[in-house]
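Please read each point against the model.

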Amino acid sequence: MSASAVHSLWTTAAPIEKIDAPTIEYAQLLPTLIVIGAAVVGIGVEAFVGRKARYYVQMFVTVVALVAAFAAVIGLAAGGHASTEAQIVAMGAIAVDGPALFLQGTILLTGLVAVFTFAERRLDPQAHGNQVDSFTAQAASVPGSDGEKAAIKAGFTTTEVFPLALFAIGGMLVFPAANDLLTLFIALEVFSLPLYLLCALARRKRLMSQESAVKYFLLGAFSSAFLLFGIALVYGYAGTVSYAGIADVVDGTVQNIDPALADTMGNDALLLVGGAMLLMGLLFKVGAVPFHMWTPDVYQGAPTPVTGFMAAATKVAAFGALLRLLYVVLPGLRWDWRPVMWGVAIVTMLLGAIVAITQTDIKRLLAYSSIAHAGFILAGVIAATPDGISSVLFYLGAYSFVTVGAFAVVTLVRDAGGEATHLSKWAGLGRRSPLVAAVFAVFLLAFAGIPLTSGFSGKFAVFKAAAEGGAGALVVIGVISSAIAAFFYIRVIVLMFFSEPKPEGPTVAVPSPLTMTAIGVGVAVTLVLGVAPQYFLDLAGQAGVFVR
Amino acid sequence: MENLIALLVAAPLLGAAVLLCGGRRLDRSGHWIGTLLAVASFAVGVLLFADMLGKDAEHRALHQSLFSWIPVEGFQADVAFQLDQLSMTFVLLITGVGSLIHVYSIGYMEHDERRRRFFGYLNLFLAAMLLLVIADNYLLLYVGWEGVGLASYLLIGFWQHKPSAATAAKKAFLVNRVGDMGLSIAIMLMFTTFGTFAFGPVLESTGETSEGMLTAIGLLLLLAACGKSAQVPLQSWLGDAMEGPTPVSALIHAATMVTAGVYLITRSGAIFNAAPDAQLAVVIVGAVTLLFGAIVGCAKDDIKKALAGSTMSQIGYMILAAGLGPIGYAFAIMHLVTHGFFKAGLFLGAGSVMHGMNDEVDMRKYGGLRKYMPVTFVTFGLGYLAIIGFPGLSGFWSKDKIIEAAFAYDDGIRGWIFGGVALLGAGITAFYMTRVMIMTFFGEKRWQPDESGNEPHPHESPKSMTIPMIVLAFGSVFAGGLFSLNESFVKWLEPVTQFEHPHPVISVPAITASTVVVLLLGAALAYVMYGRKPVPVTAPRGSLLTRAARRDLLQDDLNHVVLVRGGEHLTRSLVYVDHTMVDGVVNGTAAGFGGLSGRMRKMQNGFARSYAVSMFGGTAILIAATLLMRAV
C-alpha cells in the first residue's frame, strides 16, 4: 500500500473536525502556575547550581514562589473571583471560586510555614562540620552503607525536598479546584507522588522512613486505582467527566444523550458504585476510617517536618475536593451519600479517639488525633448546607496551623537518637523547658477544642452546622468523641507538667528563627482564631459558595 | 432633697474603700476618717429628717432612682432608694448609734494594731445596713442583707488569731446562710408571682394573689428574719458572736443588724396581713424566742452572753409584735428603737467594765464595781431600768404596749397565751437583768490575779468611751416617753405601717399593773438569790434547767444531733455513692475505652497487606451501603 493510500484511508475514515485550541485563563490560574513553575525552576537549580549554594537558592525560590502565589490568590479574591466573578476556567477543568481560593490560600500559607521547618538546620548536631536538616544526605544510598557514610562526610544534603514540596503544593492547589474528574485524578497524583518520596527521606531511622514511604505508595496506588475505576463508572453513567455535566445527568436535566453511551447512561447502579469509589479515594486521603490505616505508620516514619506538612496541607486539599464533589456533583444523591457518610464520620471520630488513648508515641498519637479530627470535619461536610461548607473551611484553616505548629514542636524535643518521640521521654518537660511545653500545651488544648483556642471555634462551627443540618445525633457522638479525645491530650499536658523529669530525658534544642516562626505563627493563629474568630468565620462564610 | 439619699450609703462606703485599700499610711488617721464619714452620714440623715418633718404625713416618702442595674427583657432590677418614715427611723438609729459606737471604738480599740481595718469593716457595715433599709426593692435589699452578713462575719472573727472567734464567725455565717436561702427563694417566688421585686407593686398587689402563695412567701421571709435576728430555730449563732469586739456586739449584734428581721417583716406587712397563717407563725416564733432568750440570759455568767440572751429575748418581743399586724408594727419598731438605745448602752457599759478588768467577762469575778466606775455604773443602771421596763423609762413605754397588743391577739385563748408569755417574759427579764446588775456592781469584790499574776485595777474608761454611754443613757431614759407623748411615734409611722388600736382581752390598766407587779417580783427574786448572800466565784452545779440554760438550752447539742450527725451521715452515704457508683461508672467507662483501645490497636499490625484488605473491605461496605440506601 502506497503512502498516499494510507493517507486517504485516514482522511476518509475520520472526517476531520476542526479542533479549537483550548483557551486558558492564565491570570486566574496564576497561583498554580507560579508554584509549578517554581518547582520546575527548582529542578533546574538542582542540575546547575553548585552544591553549597543550592540550599539557599532553593529556599529563596520556594519562599518567593509561595509568597507570590499567595499574593496572586489574594489578588484574585480581591478581584471578586471568590464571589461575583467566580467562574470555571481552562475549558471546564478548574473552578476559581470562593472555596477554591480560600483553600488555596490556606494551603499556600501552611506550605510556607512547613517549608520553614523543612529548612531548619540547627537541630541536629553538625556532621563533619556541616549543618544538617531532617533529610537524608543521599536518598539513593543504602541505609547504613559505606555510600551513605561517604555522602554524609561529603556534606551532601537532599535539597530536592524543596521542588518536591512545590510540586506537592501545586497538585494540592488544583485538587480542591478541580472541576472534572480527570483533573481531580491528575492533581491527586501530582501531589501524592512527591509526598511518597518526601516520606522516604528521613535522616534518622531511615529504614522506618522508607518502610512508611513504601506503605504509603502501595496503599495510595491501591486507592488511586479505586478512584480511577470510580471515574470510569461515573463516565459510563454520565458520558462526561465534567462536574457540571455529571450533576446535570444526576438531576435529569440533560438534553442530548450520546448514542455510544446509550446503554449505560443514566444507569443508577453505575453512578452509585462509581460514586462510592470516588468517595473512597478521597476518604483515603483525608484518613477516614476504614481507609485510615496508613496514617499512623506514615506519620510516624516520615520526617517530622514532612508529617506536619502532609497532615495539614493534604487534609485541606482532600477535604476541599470532597466538599466540591459532594456539593457540586452529587447534591442530587444527597439521600444516598449522607447516611453512608454518617457511618463513616461516626466510626472515624470514635476509632480515632479511642485508639489514641493507648498510643505511646507522640507522632502516632497525633496521627490518631488527625483521624478523629477528620471525623469531626466530616460532620460539617455532612451538614449539606452553606453553613456546613463555611464551617469546614474555617476548621481546615484553624486545624492546619495547629498541626504544623505541633509537629514543629515535636522536632525540638531530642535525645541522642534524634527526636524523642516516645511519650515517656516527655515526662516533666514542663519543668525543664516551660516555654516549649506551654506552647505544646496550647496546641494540645486547641486539638482538644478548649475555648479560647481555634480548636474550639472550629469544632463549635462544624457541630453547629451539623446540628442545624439535621445531624443532631452525629453531634452528640462528636461531643462524646471529643470527651474521649480530651483524655489523651490532657494526659500529655499532665505528663509534661506534673511528672518528675527523667534523669536522662531529652533536651530541647534551640531552633533557628525558621522553626520559631513556624511555631510562633501556629500559636498566634491558634489564639487569634480562638479569641476573635468572627472575622475569619465571616471570611469563610463569604467563601462558602461553589461555582457550578 | 431626694438626691441626698444615695449619700447616706456613699459616705460609709467611701470610708470602707479608703480604709481597706489605703494601706498602712492610713494607720494613724484611719479611725478619724471612719468616724467622720459615719457622722457625715448621720448629718445627711438628720437633714433629710428635718426636711421630712416639714411635709405633711402623706407626702413624706422620698424616692431616688440611681441607675438600672440589670436591664433585661422581662427582668428589671434598679438601684433605687425609697426613704419613707420607716426607713428614716432606721437611718437615724443606724447612723446615730453607729456614730456613737465609732467614737467609742476610738478609745476601745486604741491598742489594737489593726484598728484601721476595724473601722473599715464598721463603715462597710454601715453602708450595707443603710442600703438594706433604704432599698426600694427586695433584690437591692438582699444586697444589703448579704452585705451586713459579710460585715458581721468579718467583725465577729476580727480577732481571728483566737480559734474561738474564727469558729464563731464561721458559725454565724453558716447559720445565716440558712436564713438567706429563705430570703432568696422568697424573692424568686415574688418575681414569679408579681413579676417584679419593687416594694410598691409587690405590696400593692397582694390582694390579687392566692393566700397559699402569700403564706409561702411569708414563711420564707420569716425564715430569713429568724437567721438574721437570731430567732428560734436559727438563734444559735448570736451567743458565740460575742467573740467579736464589744463595740461590734453593741452595734451589730444588739442595736441594728439583728433587728433587720423585724424591718423585713414590718416592711412586708401587706404580705403578712393577707396571710394569717404566716402571721401566726411569726407570733409563735417571737413568743418562743422571747422566753428562750430570757431563760438563757438567766444562767449565763459571761456578761456579754447574758446580754446576748437578753437581745434575743427582746427581739422576740419585736417579732411577736410584728406578727400581730397593724396593732403591733408601730410598737415593734418603737421597741426596736428604744432597745437600740438601752441595749447598745448596756453593751458599751459591759465593754467599759471589761476594759477596766483586763478583758474579764465572767461576772462571778466582778462584784462591787460601782465604786470604781461611777459613770459606767450610772449609765448601765439607767439602761438596766429601761430594759426591765421600769415605769417612766423607755422600755416601759414600748414593752408595755407590746404586751397589750399580745393580749389583743384575739378574743379567745390565743390572746391569753401570747399575752401571758409576754408578761412572763417581762418578769424573767427583770430577774436576769437584776442578776447582772447585782453581780457586776454590787456585793463583794471577787476579782483575783490571773495566771500571770496581774491583778485587775478597775478604773473608769476614757472620755471617748463614757460620752457615748452617757448619750445612750439619755436615750434609754427619755426616748420611750417622748415617743409615747401624744402617740407621736405611732402617728409618724402610721402612713407606712397602718395602725389599729389593740383591744386586749383584759383592760389596759390591769395589764400595766400586772406588768409592774411581775417585774418587781422578778427583781425581788434576783435580789434574794444574788443580793442577800455572797456570789460564789465558781458556779454551783445548779438545777437541771440551769445547766441546760448554761448550754443555751441544748441548742448546739440539738443541732449537732439533728443537723451535723444527719449531715455527716448524708455526706458519708453520698461519698459512698460517689466512690462506688459514680466513680465506678466513670472509671469503668475509662477502663472500657482503654481496653477497647488496646484491642482495636491490634488491628494496626504494620502489614500493608492487612491495610489493603481493610480498604478493600471498607470500599465494599461503602458500595453496599450506598446501594442499600437506594434500595430502601
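1. Buried means under 20% relative accessible area, exposed means over 50%, and partly exposed lies in between. C298(B) has 16% relative accessibility, so this cysteine counts as buried. The model is a predicted one.

2. What is the relative accessibility of C199(A)? The value is 0%, so C199(A) is buried too.

3. Most peptide bonds are trans, and most residues other than glycine have a negative phi. The next points list departures from that pattern.

4. In chain A, V289(A) and P290(A) are joined by a cis peptide bond, with omega about 5°. P290(A) sits in the loop between α10 (268-286) and α11 (294-301) of chain A.

5. Chain B has a cis bond from V232(B) to P233(B). Omega is near 15° there. Where is P233(B)? It lies in the loop between α8 (211-228) and α9 (237-240) of chain B.

6. E487(B) is not a glycine, yet its phi is positive, about 55°. The residue is placed in the loop between α19 (463-484) and α20 (488-497) of chain B. Its relative accessible area is 29%, so E487(B) is partly exposed.

7. D552(B) also has a positive phi, near 55°, and is a residue other than glycine. The loop between α22 (544-550) and α23 (555-601) of chain B holds D552(B). Is D552(B) buried or exposed? D552(B) is buried, because its relative accessible area is 16% and the cut-off for buried is under 20%.

Methods
Residues are numbered from 1 along each chain as its sequence is written. Chains are lettered from A and ligands numbered from 1 in the order in which they are written. This is a predicted model: local features need pLDDT of at least 70, side-chain atom pairs count only at pLDDT 80 or more; totals for chains, interfaces and linings use all residues. Side-chain values use heavy atoms; hydrogens and water are left out. Buried means under 20% relative accessible area, exposed over 50%, partly exposed in between (1.4 Å probe, protein chains only). Helices (H or I, at least four residues) and strands (E, at least two) are DSSP runs, numbered from the N terminus.
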